[in-house]
Each structure stands twice: as C-alpha cells, then as structure tokens.
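Hello,

Here is the structure we discussed. Please look through it before you read my notes below.

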Amino acid sequence: MNKPHLEITTRIGCRVNCLFCPQSKLLESYKDDTKVLSFDSFKKYLNKIPKNIDIHFSGMAEPFLNPDAMRMIMHSVFEGYNVSIFTTLQGLTLQQYEQLLVLDFDMFCVHIADDHGHTNIKVDKKYIELLDYINKYKPKAKKFWHQCHGVPHKDIRHLISTVDAYMIDRAGNVEHEMFTKTEIEGKFICTAGDFNQNILLPNGDVVLCCMDYKLEHILGNLNDGYFNLDKSKLYDAMNGKCKALCHKCNRAKGVDDE
C-alpha cells in the first residue's frame with residue numbers, strides 16, 4: 001500500500017498527451033480560469049499540508065511543463081517534505097537536472113518514449129542526451145526506475161535495460177480497445193490506500209486520485225485547510241451505500257458480504 005501523498009498538478013493541459021492520461025476529459029471538466037499553478041500559490045498550499053504527507057510532482061500533467069516546477073521542488077525539499085518525481089522529461093533541461101542531483105528524493109520515475117506512440121515524446125538528440133546523462137548520474141532517490149507503456153523506443157533501447165511496463169484505463173476514463181474495463185458492485189477496499197493518494201489542482205481543489213480525470217470527486221480546496229477535505233462520500237461508497245469512481249477502478253477489490 002502506498003504512503004499518504006499529495007500529487008501536484010502544476011498545470012491543466014499537457015502537451016505530452018499520453019494515451020493513458022485522458023487530457024480531453026480533464027480539460028472539459030476543469031472550469032476554473034487558473035490553469036497554471038503559480039509558485040506563490042504553491043507555497044501557500046504547501047504551508048497547509050502536514051509534513052507526514054509526501055509530495056509527488058506528477059499529477060495530471062508533466063510537472064516540468066510549468067516553468068516554476070524547479071522552484072516548487074526545491075522549496076518542498078527545503079521545507080522538509082518527503083518528495084518524489086514522476087516525469088517524461090519534457091520541459092526539463094540538462095542544466096536543471098544537474099540542480100536536482102544535490103537533492104534527496106523518495107522516488108524518481110522517468111516515463112520513457114515507447115515504440116507504439118502511447119506517449120508523445122519527441123525522441124531527438126537532446127532527449128537522448130538527457131536520458132543518457134540521467135542513467136549515468138542517477139538522482140539521489142530511495143527508488144529510481146524507468147517506466148514505459150509498451151516497448152521502449154528503438155532509438156533508446158541501448159540505454160534502458162529494464163522497465164516497468166503497464167497501462168490502466170483510469171477507472172474507465174480512457175476509451176481504447178486495448179483496455180479491459182473493471183466493474184464491481186457494492187462494498188470494496190482500495191488496495192492503493194485509504195483515499196489518501198490525492199491530487200492538487202492549480203486552483204487549490206483536491207480531487208480523489210490519479211484516476212479522477214473527470215473530477216467526479218472533489219474533496220475540497222486547500223484554501224480551506226487540509227483537514228477539511230471531505231471523504232465521507234467515498235467511505236459511504238466503500239461500504240456499499242452509494243456508487244463512486246472506485247467501482248470502475250482496477251485498484252478496488254470487491255468485498256463479499258458474509
């Protein structure tokens with residue numbers, strides 16, 4: 001089971017637009033004009049988050065597509081949070097990565113280009129050089145790995161020895177024939193955590209998790225405080241009293257009534 005964490009969505013709208021991240025549904029559902037998380041807003045939100053909650057720079061967009069991402073990461077580490085990074089490397093320069101090498105991370109995952117077009121990563125000289133540099137000079141992380149949703153791109157296979165390769169349908173939000181849909185009824189348990197793998201959006205809203213691209217379960221807004229996030233409907237759904245996005249999630253496990 002994953003540790004409690006808050007994933008930071010540094011912007012709404014991601015040009016990488018991977019198959020497994022349904023950006024169109026997020027863009028349609030997010031109605032606020034605040035599309036990019038500012039550094040000042042991030043500092044304000046971070047100040048409301050308990051130190052036992054890990055900070056993940058991942059969320060619903062490539063974090064480094066926000067020009068303030070480096071400042072946010074450094075500020076989080078210096079403030080004493082346990083920080084992880086999940087990145088496609090888009091928007092990250094070699095010079096910026098060298099700055100990250102002086103920091104300590106919990107996890108650092110690089111999503112690499114595949115040979116099927118599932119990720120829209122431009123595999124050019126600059127990308128290959130950065131990926132090669134990261135492999136030679138790995139970040140100081142408790143866990144570092146590559147993730148590829150398919151077979152690694154032919155131009156980088158000489159750099160990658162092992163990958164973590166799988167895709168999920170985001171609780172039914174990805175419409176593609178390759179995905180097997182999940183549907184359970186009644187009571188369930190979440191194998192990922194106790195509804196504590198939440199997502200922060202640029203306007204301060206906090207949503208259930210990385211499956212909720214249609215923003216069906218907005219738990220509250222950090223402007224009102226972290227401990228005011230309301231998960232009561234999710235617990236009702238877990239006990240079979242109502243339906244939730246979780247009933248379509250591959251991480252939910254049905255519970256039979258005795």
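The notes cover a helix pair and then a pocket.

The model is predicted: local features need pLDDT of at least 70, side-chain atom pairs count only at pLDDT 80 or more, and totals for chains, interfaces and linings use all residues. Numbering starts from 1 along each chain as its sequence is written, and side-chain values use heavy atoms, without hydrogens or water.

**Helix pair**

Helix α2 spans residues 39-46 and helix α3 spans residues 69-78. (Helices are DSSP runs of H or I, at least four residues, numbered from the N terminus.) They pack at an angle of about 25 degrees, with axes 10 Å apart. Axes are lines fitted to C-alpha atoms over the stretch in contact, and angles run from 0 to 180 degrees between N-to-C directions. α2 and α3 are therefore roughly parallel (under 35 degrees).

F39, F42, K43 and L46 in α2 meet R71, M72, H75 and S76 in α3 (contact: heavy atoms within 4.5 Å).

**Pocket**

The second largest pocket has a volume of about 250 Å³. A pocket is an open set of points on a 1 Å grid over the protein atoms alone, where a 1.4 Å probe fits, with protein on both sides within 12 Å along at least five of seven lines; lining residues have an atom within 4 Å of a point. Volume is the space filled by probe spheres set on the points, which are joined across faces, edges and corners. Of its 13 lining residues, L89, G91, L92, K126 and Y127 are closest to the centre. Helix α5 (residues 125-136) gives the most, with 4 residues.

Conventions:
Helix = DSSP H or I, 4+ residues; strand = E, 2+ residues; numbered from the N terminus. Parallel < 35°, antiparallel > 145°, perpendicular 65-115°, else oblique.
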